[in-house]
Amino acid sequence: MEQVFAIGDIHGEYEIFLKILKNFRSDTQQLILIGDLNDRGPKSKDCWFLGMELVQKYQAIYLRGNHEQYFLEFMDNPEDWFPSYLYSGGKETIESLLHKGATEEYSPTEIVMMIRSRYKDLLDFLMERPFYYEWGDYLFVHAGVDLTKKWQETSLQDFLWIREPFHEGINNTGKTIVFGHTITPMLYGDMQTTSLWQSDGKIGIDGGAVFGGSLHGVVFDRDGIVHDYELPNTNCPWQPDF
């Protein structure tokens, strides 16, 4: 493919996900989802199933994010992970997979048993998500890499979770690193600028859509950014309801 179309963190915001995909050209572009399709927003299940469809239909690259990981950790150890997963937006994911009120109605173990019985294919799919994708001089990853070593030696934890050491470290990888995870209003330090963040061969594309920011769909060719589709999220921003 001559171009890449990379989409930032979606977090259950299905309508804006559909809207940004209208700009994707499957005949000339490799589609990349930077991870975190679930949690916080209301339609994680729909986002996941659309993500699966895009992988099957267009060989999209759907990278694992820390929220996919969080969900899988909860599925493996429900009683231990339940409180922190709910707090991080997992309540909305569980309700989208089961029904409203499910987190009050059932124990964590019961919730996991029901999800396992209904969504085996989805769970298998999420377990298979890669941690990064290389395209020429570009590296696409959810959170970032460990810049103190060869980037390939980054721990799986850091691919999913790293923040300041990556943002502030010196990029000697020879790669332009495109990442999500940390919202650009935080990277700019003003908690309001949703534009792409660019510094030292690093490009942050998470405009914080679920918090009332925007979703980015960024087109790259071998030379750089061709176009940035930035769609503001006009729905109510996510607020934990506890």
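Trainee: Which residue forms a salt bridge with D200?

Mentor: K202 does, in this predicted model. The closest N and O atoms are 4.0 Å apart.

Trainee: What about K202, buried or exposed?

Mentor: Buried. K202 has a relative accessibility of 1%.

Trainee: Where is D200 in the fold?

Mentor: D200 lies in a loop. The loop runs between β7 (197–199) and β8 (202–204).

Trainee: What is the phi of D200?

Mentor: Positive, about 55°, and D200 is not a glycine.

Trainee: Where does H181 sit?

Mentor: In the loop between β6 and α10 (184–188). H181 is buried, because its relative accessibility of 7% falls under the 20% cut-off.

Trainee: Back to charges. How many salt bridges does the structure hold?

Mentor: Nine. One of them joins E134 and K175. Their closest N and O atoms are 2.9 Å apart.

Trainee: Which parts of the chain does that pair link?

Mentor: Distant ones. E134 is in strand β4 (residues 132–135). K175 is in the loop between α9 (164–168) and β6 (176–179). The two residues are 41 apart in the chain.

Trainee: How accessible is E134?

Mentor: E134 is partly exposed, at 39% relative accessibility. K175 is buried, with a relative accessible area of 15%.

Trainee: Which residue meets E95 in a salt bridge?

Mentor: K91. The side chains meet at 3.4 Å, N to O. Both residues are in helix α4, four residues apart, so about one helical turn separates them.

Trainee: Is E95 buried or exposed?

Mentor: Buried, with a relative accessible area of 11%. K91 is also at 11% relative accessibility and counts as buried.

Trainee: Which residues are linked in a network with that pair?

Mentor: K100 joins K91 and E95 in a network of salt bridges.

Trainee: Staying in α4, where does P83 come in?

Mentor: P83 is in that helix, which spans residues 78–97. P83 is exposed, with a relative accessible area of 54%.

Trainee: How far is P83 from E153?

Mentor: 32 Å in space, C-alpha to C-alpha. In sequence the two are 70 residues apart.

Trainee: New topic, helix packing. At what angle do α3 and α7 cross?

Mentor: Roughly 125°, and the axes come within 10 Å. Helix α3 covers residues 66–76 and α7 covers residues 120–127. The two helices are therefore oblique to each other. The crossing is left-handed.

Trainee: Which residues make the contact?

Mentor: From α3, E68, F71, L72 and M75. From α7, L123, L126 and M127.

Trainee: How does α2 pack on α7?

Mentor: At about 65°, with the axes 11 Å apart. That makes α2, residues 44–58, roughly perpendicular to α7. This crossing is left-handed.

Trainee: Who is in contact there?

Mentor: On the α2 side, W48, F49, G51, M52 and V55. On the α7 side, D121, L122, F125 and L126.

Trainee: And α1 with α2, what is the angle?

Mentor: Roughly 30°, and the axes come within 9 Å. Helix α1, residues 14–21, is roughly parallel to α2, because angles under 35 degrees count that way. α1 passes α2 in a left-handed crossing.

Trainee: Which residues touch?

Mentor: Y14, F17, L18 and L21 of α1. They meet D46, C47, L50, G51 and L54 of α2.

Trainee: Last one. Which domain does UniProt place here?

Mentor: The unreviewed UniProt entry gives "Calcineurin-like phosphoesterase" at residues 4–185. Over that stretch the chain is 49% helix and 13% strand. The end C-alpha atoms are 24 Å apart.

Methods
Residues are numbered from 1 along each chain as its sequence is written. This is a predicted model: local features need pLDDT of at least 70, side-chain atom pairs count only at pLDDT 80 or more; totals for chains, interfaces and linings use all residues. Side-chain values use heavy atoms; hydrogens and water are left out. UniProt positions are given in the numbering used here, feature names are shortened, and annotations may be inferred rather than shown by experiment. Buried means under 20% relative accessible area, exposed over 50%, partly exposed in between (1.4 Å probe, protein chains only). Axes are lines fitted to C-alpha atoms, for helices over the stretch in contact, and angles run from 0 to 180 degrees between N-to-C directions. Angles under 35 degrees count as roughly parallel, over 145 as roughly antiparallel, 65 to 115 as roughly perpendicular and the rest as oblique. A crossing is left-handed if the near helix is turned anticlockwise from the far one by less than a right angle, and right-handed if clockwise. Contact means heavy atoms within 4.5 Å.
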